[in-house]
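User: I would like a close look at a single part of this model. Please keep it brisk and give the cut-offs as you go.

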Amino acid sequence: MADEFAIGTLEPQSLDAFLDLLAHYLGPVAAPRYRWLYLGNPHGTARTYVVRHRPSGRLVGCTSLFPRRVAIGDRVVLAALGGDAYVLPEMRRRGLARRLHEETRAALGGELAFMFGPPAPDNLRVLMRVGARQVRTLRHFTCPLRGAWVGRWLRQRSAGHGILGRLVHMVPPAVLESTFDCLERAAALRFAAHRGRPLLPVERVDDRWDDLWERARPRGAVAPVRDSAYLQWRFLDQPGQDVRMLALPSPGSTRQLSGYAVIDTCHGRLTIYDLLCERWEDVVALAEGLRQIARNQNLDAATLRLDQGGPYVAVLLWAGFLPTPKPVPFQILAPPGSLAAAQAGALPWLFTLGDEDWSGAALNP
Ligand SMILES: CC(C)(COP(=O)(O)OP(=O)(O)OC[C@H]1O[C@@H](n2cnc3c(N)ncnc32)[C@H](O)[C@@H]1OP(=O)(O)O)[C@@H](O)C(=O)NCCC(=O)NCCS
């Protein structure tokens, strides 16, 4: 039987049809997102693959590669975040996503070494069938700031856990919450030495960020490059974006930086989209500064998502960030025998919510 579908790269004459398809998936943000994410990325324009339904001429599916320079130890390769995989609901379960990912994989290994990212579960299953490997596990880490959050967390975690569950449910919520509030104030004293380092709002990213990246990039891990051009585009120029970028100056210096964080507040908590720090004490100072900001805004908790075995996790655990139960698989897709993919898959990653293409990336701690 003749193949009803044609798979290939997005051609200029199909752009309007592609934007309609993207709008079907994402709504009215599709067109500004296309200009910003597909065309404006300083690490390279997107490579987009589409599937056309031959009988009707319609575009019915797509997926894209968003180039990103990635540091693997001391070397830097050009790879790509995978994103915007979508097939119209009436065309699903016919193997179209599989064929799109096969097309993508065939293009990898040349200019773009490999594709990476934490796909949604339906897409991950398809990717694994075309040779993707789950190489890391991401997890949300949440720092409780108020007893109300801790009460909810304990009740969720202990539900169905026999004696522990019964014990937690026996303690009146008000007692649990006020006990936590007292303990939190006492425990926060261990950070006293790290207080007082200001976090300064950033309006434009300049060459100090390139310098910070060179000093702070984690050399025992894989890290998508956080150079000044990328940071400006990703966090400050994103249309409709309302995140705040905060710089942590080095002690005793007005010019040099020791770290930064990109934050937002929603659903009563402070979300840390991205961070980079030079030394462990900068991580503690940054975490303490952010906790202070969250407390001042009367928020319940501060949260971020990281590779559970990656940079900053040990320090953040010590600083009071608790792992949340739901793991998020992180995969790499590459042609067989890719050395860069093998190296990238063998190391922990610095991969934050901000490394994704979407500021609303699944926040489900
Ligand atoms: C994820 C998504 C792209 C998958 O598209 P799709 O074209 O349906 O994917 P495929 O057809 O290749 O595979 C999907 C399933 O159909 C099955 N399938 C494929 N061909 C089939 C056929 N002829 N008959 C029956 N089942 C079939 C596959 O085995 C797979 O099964 P699984 O869900 O148990 O793993 C699509 O569901 C989608 O657009 N979702 C919404 C957007 C989204 O979540 N994108 C991912 C963001 S990371």
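How many residues of domain 1 are in contact with domain 2, and how many of domain 2 with domain 1? Take domain 1 as the part to describe.

Analyst: This is a predicted model, in which local features need pLDDT of at least 70, side-chain atom pairs count only at pLDDT 80 or more, and totals for chains, interfaces and linings use all residues. Residues are numbered from 1 along each chain as its sequence is written.

The chain is assigned domain 1 (5-133) and domain 2 (140-355); such bounds come from an automatic or database domain assignment. Across the boundary, 32 residues of domain 1 are in contact with 27 residues of domain 2. Contact here means C-beta atoms, placed from the backbone, within 7 Å.

On the domain 1 side, two or more residues each come from helix H2 (30-39), strand E3 (59-72), strand E4 (75-87), strand E5 (115-117) and helix H4. Helices (H or I, at least four residues) and strands (E, at least two) are DSSP runs, numbered from the N terminus. E3 gives the most, with five residues. By class, this side has 19 nonpolar, eight polar and five charged residues. Ala, Val, Leu, Ile, Met, Phe, Trp, Tyr, Cys and Pro count as nonpolar, Asp, Glu, Lys and Arg as charged, and the others, Gly among them, as polar. The domain centres, taken over C-alpha atoms, are 29 Å apart.

H2 also packs on helix H1 (residues 15-26). Their axes are 9 Å apart, at an angle of about 115°. Axes are lines fitted to C-alpha atoms, for helices over the stretch in contact, and angles run from 0 to 180 degrees between N-to-C directions. H1 is therefore roughly perpendicular to H2; angles under 35 degrees count as roughly parallel, over 145 as roughly antiparallel, 65 to 115 as roughly perpendicular and the rest as oblique. H1 supplies Leu19, Leu22, Ala23 and Leu26 to the contact, and H2 supplies Ala30, Ala31, Arg33 and Tyr34. That contact has seven nonpolar, no polar and one charged residues.

H4 (residues 121-129) pairs with helix H3 (residues 96-107): the axes come within 9 Å and cross at roughly 55°. H3 and H4 are therefore oblique to each other. Ala97, Arg98 and His101 of H3 meet Asn123, Val126, Leu127 and Arg129 of H4.

Next, the ligand. Of the 16 residues around the ligand, Arg92, Gly95, Ala97, Arg98 and Arg125 come nearest; a residue is near if its C-beta atom, placed from the backbone, lies within 6 Å. H4 gives the largest share of this shell, four residues. The shell divides into eight nonpolar, two polar and six charged residues.

How values were computed:
Two residues are in contact if their C-beta atoms, placed from the backbone, lie within 7 Å.
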